[in-house]
Amino acid sequence: MEATKENYFYAEKPVGQLLSRRDFLKAAGVSVSAIAISGYAITDIVQKRKSYIALRQQGLYKDDKRLQKANLTGSHQNASCLKVYQDMGTKPMGEVAEQLLHTKTYVDRSNLLMQGAHHV
Amino acid sequence: MSNERVLKFPMSEKMFHNINMVTWMILAITGVLIYFKQVGEATALLMMTFHIGIAIVFTLNFVGFVVLNADRFFLMLRNLLIWDADTFAWFKNLGGYPRRLFGIPFGPEEVAPQGRFNAGQKFTYLFFIFMIFGLIVTGWLLYFMAPVLGKTTMVYFFNFHVWGSIIATVMAVGAHLPLAVINIEDFKAMFRFGAGDVPLEDALHHAPKWVENDLVKVSTLEQPLKAHR
Amino acid sequence: MSEVSKIRTFPPSQESWGGEAAFEGMHRKGELRGIIKINQDNCVGCDTCTAFCPTEAIKGSLGVAHAISTNKCVACGQCLVNCPFGAIEQMSFVDIVMEKLADPKAFVVSHPAPAVRVAIAEEFGAPAGELTINRLYNAFEKAGFHNYDINFAADQTILEEGTEFIKKVRYWVLGERGEDLEHVAHHPLPHFTSCCPAWVKNAETFHPQLIPHISGAKSPIQMGGPLAKTWAAEFVWKKDPRDIYMVSVTPCTAKIFEASRPEFNSAYEYLKENNKIPQDTPSFQDIDAVLTARDAAEIFRRKGINPLTMSDEREMETMNVYTGAATIFGASGGVMEAALRTAYFILSGTELSNPDITLVRGYEQDIVEATIPVPLKALNGKVINVKVAVVNGASRNIKEIVKRLTDDKNQYHFVEVMNCPGGCVNGGGQPVRTMGTSWLHPLLPLPLRA
């Protein structure tokens, strides 16, 4: 570093003489609190961001428990479903059930030149 | 004495300030061009690449200054956090600038004596430091962790980043820069290739309490000292 | 500071169902496309949505307004519910349904999904997970709908798919042969569920080699549609099927796509074949319109109905009978659990001692694996270990499952796939939560909290 035409006679005292312990703690305290408060707030929000999913799932399991008490635990216990088979004259995977409740149409879309749906 | 000068900006502070200034302006310009959709998609991609690349320099500059020059950084914070009666009194006439620059007779003619920074600088520079830190944190979190943050946090960070930077840039360009040019000795000290010293008269005029409390004579020699960091 | 955001919608246009060509891009004629759209003015290009898209269908660099590639999009709506700026919009049939409700000739049926009953109340200020069942039925009735709970159809799905799975087990695991098992000879294990339309479109587009493994049983809604227009029309409501207007109410935007699949007019074909409707009747779909939970809330709002203020009392109707197995469909692992409850009963002849198969519940995990020992009545109690997997959210996990199966195709017998993390409760059609400050919230004065 070359000296310029103008040079100085005065400079600040060394930092150790200017910055007391109290000053340092004041500065550090302000910075740390700012960081800590915002850090806590943000971490809290981020961690709880998906809690609504669990709450909704719990709602469904609550519904499940209520129905289990009424002896409606498994689908085979649904009298309305059994009535459907009776009235329509079919059974699970029977002919009418196949026609109404099953599909054979999945489309291989990866081939853009497909001309139509195909049987699987 | 026209020869008597004071070291106001040590080299480390000049380096930090000037790199910060240049990178800040590039970040602001690229950011604004992208956010306000002033450029087409291909250019925006290029602008964003610059933005991120320069952001790395901006980040390292700030972190480097705080870590490698912790003493200067804490000293600066200490000076900015001295809020005494004179600090608040400065606001009575805004340091005399309205009268001096625009002829507006606002407040008393006498300006309360200030330290290293006048009251306006204290609040502005605290805001700038907060913004530099905040922009770095929000910027990198937005870049790397957008999906993880959650929507509300994301929106707050995004708006802080965009609008906070715009406000700070307006303050820097509209207030900080003109005032720096007006106080030409400070301007020269900050930007010259060499020591960041100012005439003693300037220091006594602008920051009498700093001269009185913080300064010390470093040389009794007739010929001037060689500048050293 | 409302906890639920308002999502913009747009009506379908003539082009939404495609043109005359049999195929346009990845869509067949008649299939709805462009169901999810990113608003180019509101999008800031933050890249959040990109992370949630299971098929990398979102284009646009950081900071530039993003756009959805219609060909790759499976209409799951995960981008929409996760956009911090609410810049993504959904195709809505609210106006069309409102018109039908005003039509005195139309017999409009609301078909609400399990996941809707734990979330729709959020649109009216209730906390997440608030269960509204009878109140919801009453609200629908007041709005002019007749009720047919999808959960009833979900039980039907378990009976069908459970039977299908058991046939596959008999053929592929136990080595049985027979005429009734001929069909499954073309469908080796692992068996994949088919009720998630986003998953189905994903498989059709990106993993077509899995197609033979996907269950032939339709989704609960797509069973409910045909049953409404055949069985219910004749035996319960005593109505002309052509007057029945089926409106499913879903947590899902992909269901809008599913209902438009051209093959889903089974009721029409059946009725024509059995001469129950004139031969020249124009075709009608099994499900006529799909409303998301948000859309249904909008209809309630327009009609001044708040489900939370409706009575919780209601007579049980045939059309709303359902079991616990059905209602848990809305949670990840729910379909698996429901299927196992019935499959276990059929194979072993006894009920599970503990019907809560928490082992297979997805909760927050990406992929859940479990082994369920089932004693076989037909083989004197010999136990087979049914290996199952639950894919909780499509993003990375479908590729992971495919990788595992390529490595060892016998790793699983039964795989449930849900596109949306957590299951349908977190679907693209659900109320969108702002995810506000959780600890700040209780400190706010009451007016700001609502």
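User: What pattern does chain B follow along the sequence?
Analyst: This is a predicted model. In it, chain B reads β-α-α-α-α-α-α-α-α-β-α-α-β.

User: How many helices and strands is that?
Analyst: Chain B has 10 helices and 3 strands.

User: And what box do its C-alpha atoms fill?
Analyst: Roughly 60 × 45 × 30 Å, along the principal axes.

User: How much of chain B is buried?
Analyst: 29% of its 229 residues count as buried.

User: What share of the contacts in chain B comes from residues 24 or more positions apart?
Analyst: They make up 64% of the contacts with a separation of 6 or more.

User: Switching to chain A and chain C. How many residues does each put into the contact?
Analyst: Chain A gives 52 residues and chain C gives 66.

User: Which elements of chain A supply that side?
Analyst: H2, helix H3 (51–69), helix H4 (79–88), helix H5 (95–101) and strand S2 (105–106) each supply at least two residues. H3(A) has the largest share, with 14 residues.

User: What about classes on that side of chain A?
Analyst: The residues that touch chain C split into 23 nonpolar, 18 polar and 11 charged.

User: Back to H2 in chain A. How far does it reach?
Analyst: Helix H2(A) covers residues 21–47, which is 27 residues. From first C-alpha to last it reaches 37 Å, close to the 39 Å expected at 1.5 Å a residue.

User: Is H2(A) largely buried or in the open?
Analyst: The number of buried residues is 2 of 27, so H2(A) lies largely in the open.

User: Now H4(A). At what angle does it pack with H7(C)?
Analyst: About 80°, with the axes 11 Å apart. H7(C) is residues 220–235. Angles of 65 to 115 degrees count as roughly perpendicular, and the two helices are therefore roughly perpendicular to each other.

User: Which residues meet there?
Analyst: From H4(A), A:Val84, A:Asp87 and A:Met88. From H7(C), C:Leu227, C:Trp231 and C:Phe235. By class, this contact has 5 nonpolar, no polar and 1 charged residues.

User: One more residue, C:Ile88. Where is it found?
Analyst: C:Ile88 is in strand S8 of chain C, residues 88–91.

User: Buried or exposed?
Analyst: C:Ile88 counts as buried, because it has 26 C-beta neighbours inside 10 Å; the cut-off is 20 or more.

User: What does C:Ile88 touch?
Analyst: Leaving out residues up to four places away in sequence, C:Ile88 touches C:Ile36, C:Ile38, C:Cys49, C:Cys79, C:Leu80 and C:Cys83.

User: And how far is C:Ser194 from C:Ile88?
Analyst: Their C-alpha atoms are separated by 27 Å. Along the chain, C:Ile88 and C:Ser194 are 106 residues apart.

How values were computed:
Residues numbered from 1 in each chain as written. Chains lettered and ligands numbered in written order. Predicted model: local features only at pLDDT ≥ 70, side-chain atom pairs only at ≥ 80, totals over all residues. Helix = DSSP H or I, 4+ residues; strand = E, 2+ residues; numbered from the N terminus. Expected span 1.5 Å × (residues − 1). Buried ≥ 20, exposed ≤ 12 C-beta atoms within 10 Å, placed from the backbone. Contact = placed C-beta atoms within 7 Å. Nonpolar A, V, L, I, M, F, W, Y, C, P; charged D, E, K, R; others polar. Axes fitted to C-alpha atoms, helices over the stretch in contact; angles between N-to-C directions. Parallel < 35°, antiparallel > 145°, perpendicular 65-115°, else oblique.
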